[in-house]
Amino acid sequence: MPDDRRKGRNQIAAFVIQAAAVGFGVVSAVPAEADFKSPAALAAEAAPEGAAKAAELMDALMWNRGPIGGPFDLIDQHGRHRTDAEFRGKLLVLYFGYTYCPDVCPTDLKAISSAIDLLGPAGEDVQPVFITVDPQRDTVARLRGYVSSFHPRLIALTGSAAQVRQVALAYKVYYANVTSGNGEPYAVDHTGFVYLVGRDGKYLGFFPPGTPPGRMVEIIRPHLAP
Ligand code: NI
């Protein structure tokens, strides 16, 4: 094998090992051995139920296992029914979080809002949507106050616990209430990917948490071309 090819292989092997170490599940692309276990399976053995579920959902999202995305029928910050069907023809930027989130949600919502502004007039074809994973506290009124501080066109959605669970799971979003036990309000542990849904309503892909607005714009723009 030529040196550069061997080097390439070694780099791939190193990546696979690194990815496995952080639980990203890349190894499933490697031929299976009899005693081989996926990172998700290992996590399921080693970690509490919630953590195992988080790893499984992230694994499914990152490697595009099974369908991602699906219909929703929820209530917006003005108390109106909104369904996924009404957004056909627009690009959806979808984010799951909760209004009491101390820093990650606001950061990503700010990035989404800036990206839409950076797109200029083309940004009119992009609809930002925030779906709460804390429907218990994120009431219609609470959402109305929250989203107005990010972007005038941001739609925030809530619903029953079951409705929220259904759409979150469709997008492989992990979330769970976490209590500190010292009387403080609960936090919601949640994955923070930013989803892109095409004009036809089909899932296109995701941005990792912390993606800067300029990079979002570069990736969104080709999907806005007529
Ligand atoms: Ni958050």
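These legends walk through a few close-up views of the structure above. The model is predicted, so local features need pLDDT of at least 70 and side-chain atom pairs count only at pLDDT 80 or more, while totals for chains, interfaces and linings use all residues. Residues are numbered from 1 along each chain as its sequence is written.

**View 1. The sheet, strand by strand.** Here 7 strands form an open sheet with mixed pairing, in the order E2-E1-E5-E4-E3-E8-E9. Strand E2 (81-83) and strand E9 (203-207) stand at the edges with a single partner strand each, so one side of each has no neighbour in the sheet. From one strand to the next, the twist averages 35 degrees. Strands (E, at least two residues) and helices (H or I, at least four) are DSSP runs, numbered from the N terminus, and two strands pair if DSSP finds at least two bridges between them.

**View 2. E8 and its partners.** E3 and E8 run antiparallel, joined by 4 bridges, and Val93 stands opposite Leu196 in E8. E8 and E9 also run antiparallel, with 4 bridges, and here Tyr195 faces Phe206 in E9. Val194 and Leu196 point one way from E8, Tyr195 and Val197 point the other way, and all are buried (20 or more other C-beta atoms within 10 Å of a residue's own, with C-beta atoms placed from the backbone). The hairpin of E8 and E9 has 5 residues between the strands, and Gly201 takes a positive phi near 85 degrees there.

**View 3. Helix H6 and its buried side.** Val164, Val167 and Ala168 are the buried residues of helix H6 (residues 161-170). They sit on the same side of H6 because they cover an arc of only 100 degrees around the axis, counted from the directions from the helix axis to the C-beta atoms. Their cover includes strand E3 (91-97), strand E4 (126-132) and strand E6 (175-178). Just after H6, look for Lys172, with a positive phi of about 60 degrees.

**View 4. Inside the largest nonpolar core.** This core has 48 residues, and Val93, Phe130 and Ile131 have the most contacts inside it. A nonpolar core is a set of buried Ala, Val, Leu, Ile, Met, Phe, Trp, Tyr and Cys residues joined through C-beta atoms within 7 Å. Leaving aside neighbours within four places in sequence, Ile131 is in contact with Leu74, Leu94, Phe96, Leu157, Val164 and Val167 (contact needs C-beta atoms, placed from the backbone, within 7 Å).

Notes: Buried ≥ 20, exposed ≤ 12 C-beta atoms within 10 Å, placed from the backbone. Contact = placed C-beta atoms within 7 Å. Axes fitted to C-alpha atoms, helices over the stretch in contact; angles between N-to-C directions.
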